[in-house]
Amino acid sequence: MYDLIVIGSGPGGYEAAAHAGRLGKKVALVEEGRIGGTCLNVGCIPAKAFLRSSRLCRELREGACYGIQANPGKLDMVAVVERKNRIVATLARGVDELLADAQVAVINGRARLTGRDQVEVGGERLQAANILIATGSRPAVPAIPGIGSGNVIDSTAAFELTEIPARVAIVGAGYIGLEFATFFTDVGAEVAVFEVLPQVAAGCDRDVGDRLRQSLQRCGVTFHLSCRVLGIDGRQLSYADSSGQRQTCSADLILHATGRMPVVDDLGLERAGVDFSAGGIPITERGRTNVPGIWACGDVTGTHMLAHVATREAVVAVNNMFGKPDRIRYDAIPAVIYTHPEAASVGRTEQELRDAGIGYDRTVVPMGVAGRFLIENEAGSGFLKLLTGARYGEILGVHAVADLSSEFIVAAAALIEAELCVRHAAEIVFPHPTVAEALGEALRRAQQGRQS
Amino acid sequence: MATTVQMPKLGNTVEECLLTAWLKHKGDAVAAGDILAEVETDKASFEVPAPADGIVLDTFFDEGAVVPVFTSICVIGAAGETIDETLTPGPPPAVDSLTASARPRPTDSAGWPAQALGQVPDIEARPAGTVIPARPGAGRAALSPRARRFAREHDFMPPEVTGSGPGGRVVEADLRALFGTLPRLSEAAGARASEGAVVPPDGSGIGGMIRAADLGAPAARISAVRQRIAERLRDSLGSTAQYTLNSSANAGGLLAVRRALKSDPQTAGITIGDLVIFCTIRALGQAPGLNAEFTGGILCQHSAIHLAFACDTDRGLMVPVVRDSQRLSLAELSLRMRELAEQAAAGTIGPDDLTGGTFTVSNLGSLGIESFTPVLNPPQVAILGIDTIGLKPVRKPDGNIEFIDSIGLSLTVDHQIIDGVPAARFLNVVRHEIENAPQLCTT
């Protein structure tokens, strides 16, 4: 009899297991694949490893801007993948140690719920007072004729590429598609992105999406927006363009990145009476499903699909399981797109505020206000947008398009979490010179705007 | 020469009024008769007109302040005129005896912030992480100089604080102790709370910090009228032994009379409710025991029937009084009730038309209510509820059943004074009057 059985070992599952183990609970973690889940093995970490290599490619090309004459080096994808694998392996060892230290029993196999407090793994039935479902998500396969062709891959397969094709077509301009667009274009491929919506990075603040698109276009990426991919035939991708005209595009590799789907099938959820749909398992802010004793966290809930949300949801669920009331607040969740330039956001977008009828003030500063940004980005530009409540000056959202914004967006998240208003937030001292100073400048300007 | 404008005394019993809104502000030009402000007594709201032409040189109270009558609330004069000689913001009472909200707002030169005296604090003046009292309201305690300084420096003054100094005086330590124990609000939550949002005991933020989303909907300031209603109804239930008798009367005659009245434009406005009240007044003439007030152990029966009737208005329940209703004809009664109801709805009814009732009628019949429990309006000893008209089966002398139109009557009486049988008898008299409406209304 376990205190907790966790199904899935991604950043939600392993954190939950380790946290419960450290609380002295008897915990089993069931994983059918590799420890670490999507994030570590085929998601965040490999993508950023790839992007580090592609950035170096770009920087070598741009070296002259910084006074360095360098040959544009030769890309060795085998070495890039090996480096990625080393990083993944190092981090996976770290997770293994974390779980071992917390005395978590790691069970390899596929878990199915056979009751409210029972999980079956490889024919063996395990009892638990609590079950946490953290099965994550998998790439959604769009219903496009020919999607199963040999040169069509998803993001998971992309992390094993040993050669860079000359022409890459990416279906989907969400964050995954955009990050791959940056990667492939920086390593010298010709990239075309196909998106059914009229904008890229749907869900982001509109200005962020527009600027990202413009920046990527300047880097050579072609965007086909408001278009529908009709079919794939060998290297030919046919699509209806924004005016409905049938067009074709030739590509050596087609990557589909049309989002991710929660893994809810064949888990025995029906049998345990857990409410779910193809869109995921709904949970409360405390991590509960509709069935007492069964909890869920992360991508399988189908909402945020962010590793850091999974981790926090996991800790919240475990705390609540074992008597420490806790809840997650979703209003200060930062999100980053690791394109070039990066986009980092937290809080509400202008569209969301308008839809909610919330009065707000908008302060936009060009990233050039931060000396460090100019130093780090010879040819780059960007902006930071601060949205504050019209009445009280509370910080409602911060949206930046700027390299290194991923590293300081957490400061904005803290301001939102603490519900600090600009009057006092503007008193915070920012280190100089840093890219983050753009946020400090925006706060000061917003405060000046309120005084005038 | 500048003219000061005082809070008017709006009724014999009115001692203070709530200043609900300024319609003119400092610097506005006004003509004599322009409305300067709206004020509210326990019973109704009024407008304060400008007594002279000129410029509003200054106002002495914020909206929401409760101001004693005959207190200067603003001053009107010529542009640029100095107001020092005329500036007398009210009879200057001692701090201890004055409720916080009745203190004049400090003028620009005065250093003492209004919020430290328990008024709604200035949002912008509140630092991050300060604590806000869980229940917004006005404090009354006298503060030591150091407590005042602490309150000022921390933008903090809880609505209720027990003073540990001499004579209950609040000293700095009292405030410091509360400052550390009251729930911690985020800056954004604090700003909302200071405007009246309800603060829960526990928050969802880091370490239990109360965030804006945790706050309840801003608590609307309940009007003086509503406060008065609340107090009176609580007192009613607390100080009497109420019980309700339900009965009904054949309404066939009532409906016939109404049809007849409707055909004449002169009387078309007379309602079923008017008819029932007219019958009730007649019944009270025959049963004076219920037209009485009981207070302080003394029972006072009245010969004059000052009939109070419950009236729904945007400001809440009002109960206008038709004086000497026994002297009025049906048409006069109906007209008078309509006048009073319109004034009550418009908020222009005089306080003296809202007091002095000897018996109350509450009519919910038009809303389809079949039976209810009217609450006594003390010191009155009885109240009659008028219910809806519905079909009721009755057995005819020949043994057959027929359906008649029947109107429900719900009589609440104070058992301290009125026993069951006399109450039932009175209800029977009312029923008799209603069933004989055709005769009495044609006279």
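Let's start where the two chains meet. Here, 13 residues of chain B are in contact with 11 residues of chain A. On the side of chain B that touches chain A, eight residues are nonpolar, two are polar and three are charged. Keep in mind that this is a predicted model.

Now, the inside. In soluble globular proteins, nonpolar side chains tend to be buried together. The largest nonpolar core here has 97 residues. Which members touch the most others? They are Ile170(A), Ala201(A), Ala343(A), Leu384(A), Ile395(A) and Ala438(A). Helix H6 of chain A, residues 175-186, gives the most to this core: seven residues.

Take Leu384(A) as an example. Leave out residues up to four places away in sequence, and Leu384(A) touches Val365(A), Met367(A), Val398(A), Ala400(A), Ala402(A), Ala438(A), Leu439(A) and Ala442(A). There is also a second, separate core, with 82 residues. Among them are Val67(B), Val321(B), Met337(B) and Ile386(B).

Last topic: a helix pair in chain B. Two packed helices are described by the angle between their axes and the distance between the axes. Our pair is H6(B), residues 272-286, and H8(B), residues 420-435. The angle is about 130 degrees, and the axes are 8 Å apart. H6(B) and H8(B) are therefore oblique to each other. The crossing of H6(B) past H8(B) is right-handed.

Who makes the contact? From H6(B), we have Val276(B), Cys279(B), Thr280(B), Arg282(B), Ala283(B) and Gln286(B). From H8(B), we have Phe426(B), Val429(B), Val430(B), Glu433(B) and Ile434(B). By type, the residues of this contact between H6(B) and H8(B) are seven nonpolar, two polar and two charged.

Methods
Residues are numbered from 1 along each chain as its sequence is written. Chains are lettered from A and ligands numbered from 1 in the order in which they are written. This is a predicted model: local features need pLDDT of at least 70, side-chain atom pairs count only at pLDDT 80 or more; totals for chains, interfaces and linings use all residues. A nonpolar core is a set of buried Ala, Val, Leu, Ile, Met, Phe, Trp, Tyr and Cys residues joined through C-beta atoms within 7 Å. A residue is buried if 20 or more other C-beta atoms lie within 10 Å of its own, exposed if 12 or fewer, and partly exposed in between; C-beta atoms are placed from the backbone. Helices (H or I, at least four residues) and strands (E, at least two) are DSSP runs, numbered from the N terminus. Two residues are in contact if their C-beta atoms, placed from the backbone, lie within 7 Å. Ala, Val, Leu, Ile, Met, Phe, Trp, Tyr, Cys and Pro count as nonpolar, Asp, Glu, Lys and Arg as charged, and the others, Gly among them, as polar. Axes are lines fitted to C-alpha atoms, for helices over the stretch in contact, and angles run from 0 to 180 degrees between N-to-C directions. Angles under 35 degrees count as roughly parallel, over 145 as roughly antiparallel, 65 to 115 as roughly perpendicular and the rest as oblique. A crossing is left-handed if the near helix is turned anticlockwise from the far one by less than a right angle, and right-handed if clockwise.
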